[in-house]
Amino acid sequence: MNQPKQLHLDMRIDKSITLDNFISCSSTKLVLKASNDFVSNSLILNSLYLWGKDGVGKNYLLNAMNKKCKENKLNSIFLSFSGAALKDMSIFEGLEELDVIFLESLEKYPKGKEWEVALFNLINNCLTTGSRVLFSSNQVAKDLGIELPDLKSRLVAIPAFELPELTEKEKISALKESAQRKGLMFEERVLTYIINHTSRSLSDLLKLMFDLDIFSLERKRKISISLVRDLLANKEDNPST
């Protein structure tokens with residue numbers, strides 16, 4: 001199998017990111033099932049479209065799915081249009097030979113007929129080879145501003161799942177469940193403090209849970225508001241950690 005030229009663009013996968021660690025609650029139940037079915041190829045579909053507001057955890061979920069694909073020995077790639085790196089249509093060359101393709105932030109897809117034709121051709125090529133594609137965006141496909149009718153109809157026809165924004169109560173309950181799966185015990189006031197004093201982005205909250213676990217072990221201290229403050233201060237002093 002010929003490998004695509006741009007595999008080096010694939011993002012480094014954070015070990016803390018897993019499908020099992022993703023917050024599970026009534027609001028995410030459906031999209032989590034679809035995500036697991038997509039990775040395991042239980043769906044008789046070669047494409048899915050995941051959408052939701054910024055900060056609800058789309059990036060985390062896509063990276064977790066990509067990680068699971070690699071653990072399952074599938075050839076996959078994660079490409080995001082949120083940065084400045086993807087400015088050459090040659091990024092699509094040979095991608096249809098992979099097992100799974102993750103295309104993030106489709107709302108930031110480059111404008112222009114040539115780019116739209118390139119994406120349309122990629123989708124068609126994947127239908128031929130059986131390669132699966134998962135798209136993500138902060139808006140539904142019909143609102144992307146796609147001008148090529150054939151591409152717009154293709155994207156609109158893809159089964160779409162919304163990753164909704166969780167309520168504060170759901171976040172506290174789900175974070176508590178996530179902590180318990182790790183064998184951690186959080187007082188509710190600690191979780192409330194985290195919700196009120198840190199990023200409300202679901203991806204950031206999940207990463208913070210992982211960091212708190214490590215930080216607690218390193219400092220040999222139980223997880224408390226004081227420990228959370230120390231971790232946040234440590235992150236401010238060492239932004240790369």
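**View 1. Strand β3 and its partner β4.** In β4, Val133 is the bridge partner of Ile101, and the chain passes from β3 through helix α3 (residues 113–129) to β4 in a right-handed β-α-β crossover (clockwise from the first strand over the helix to the second, with the strands pointing away from the viewer). Helices (H or I, at least four residues) and strands (E, at least two) are DSSP runs numbered from the N terminus. This is a predicted model, in which local features need pLDDT of at least 70 and side-chain atom pairs count only at pLDDT 80 or more, while totals for chains, interfaces and linings use all residues. Residues are numbered from 1 along each chain as its sequence is written, and side-chain values use heavy atoms, leaving out hydrogens and water.

**View 2. The two faces of β3.** In a regular strand the side chains alternate between the two faces of the sheet. From β3, Val100, Phe102 and Glu104 point one way, whereas Ile101 and Leu103 point the other way, and all are buried (under 20% relative accessible area, with a 1.4 Å probe and protein chains only; exposed is over 50%, and partly exposed lies in between).

View 3. The twelve residues of α1 (residues 29–40) should span 16 Å at 1.5 Å a residue, and the end C-alpha atoms are 17 Å apart, which agrees; the expected span is 1.5 Å times one less than the number of residues. The buried residues of α1, among them Leu32 and Phe38, pack against β1 (47–51), α2 (58–71), β3, β4 and β5 (160–162), where contact means heavy atoms within 4.5 Å. Just after α1, Asn41 takes a positive phi of about 65°.

Note on methods. Pairing = 2+ DSSP bridges.
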